[in-house]
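This report goes through selected local features of one structure, shown below.

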Amino acid sequence: MKIVITELQYQKVVFSLLDTLYGPKILFKKDEDIFEILSNDGQEIFRLYTKTGKSKGCKRDMLVLSQTIEEIEGYLPPAVLRKKLFSKTILSYVNEKTNLDIDCIDFPYGIYNNDETYFENRYRFNVKKNKKTTTK
């Protein structure tokens, strides 16, 4: 049996998951050209780069920390994390909570090869251009 959900339903599920994991109130603090985005309990969950460290074509590039991805992977399959919809939903959530107007997302994800060797890769996506990005 195949279950089909709409984009709005998907967004509600991911928003609820993020609210449960990190609290309904997301805070941030600024350090020169970097914003640390914090959960309700003060744990850094995202990092926003505005000058150095951002991908090509991005004004504000949000890095999802490895620890945050590991927590989210406990609830969502890893294959879902490498999709445009997931990237757009995470950015919508953070933009809604912080009003920072973030346009790009960058996060690590791990995959296993056929021989069970684990390696880490990166997914970079620009929401405003609706395409994957590269580093400078």
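Serine 87 is buried, with a relative accessible area of 0%; buried means under 20% relative accessible area, exposed over 50%, and partly exposed in between (1.4 Å probe, protein chains only). The model is predicted: local features need pLDDT of at least 70, side-chain atom pairs count only at pLDDT 80 or more, and totals for chains, interfaces and linings use all residues. Residues are numbered from 1 along each chain as its sequence is written, and side-chain values use heavy atoms, with hydrogens and water left out.

Serine 87 lies in helix H4. Helices (H or I, at least four residues) and strands (E, at least two) are DSSP runs, numbered from the N terminus. Apart from neighbours within four places in sequence, serine 87 is in contact with Ile105, Phe107, Tyr123 and Phe125, where contact means heavy atoms within 4.5 Å.

Helix H4 covers residues 84-98, and its end C-alpha atoms are 21 Å apart, in agreement with the 21 Å that its 15 residues should span at 1.5 Å a residue. The expected span is 1.5 Å times one less than the number of residues. Among the buried residues of H4 are Phe86, Ile90, Leu91 and Val94. Asparagine 99 follows H4 and has a positive phi, near 60°.

Helix H1 (residues 7-22) packs against H4 at an angle of about 55°, with the axes 10 Å apart. Axes are lines fitted to C-alpha atoms, for helices over the stretch in contact, and angles run from 0 to 180 degrees between N-to-C directions. That angle makes H1 oblique to H4; angles under 35 degrees count as roughly parallel, over 145 as roughly antiparallel, 65 to 115 as roughly perpendicular and the rest as oblique. The contact includes Tyr10, Val14 and Leu18 of H1 and Phe86, Thr89 and Tyr93 of H4.

The structure holds 1 disulfide, a disulfide being a pair of cysteine sulfur atoms within 2.5 Å. Cysteine 58 is in the loop between strand S3 (44-49) and strand S4 (61-64), and cysteine 104 is in strand S5 (residues 104-112), so that the pair links distant parts of the chain, 46 residues apart.

| Disulfide, cysteine 58 to cysteine 104 | Value |
|---|---|
| S to S distance | 1.9 Å |
| Angle about the S-S bond | -90°, left-handed |

Lysine 29, in strand S1 (residues 27-31), is partly exposed, with a relative accessible area of 42%. Leaving out neighbours within four places in sequence, lysine 29 is in contact with Ile34, Phe35, Glu36 and Leu38.
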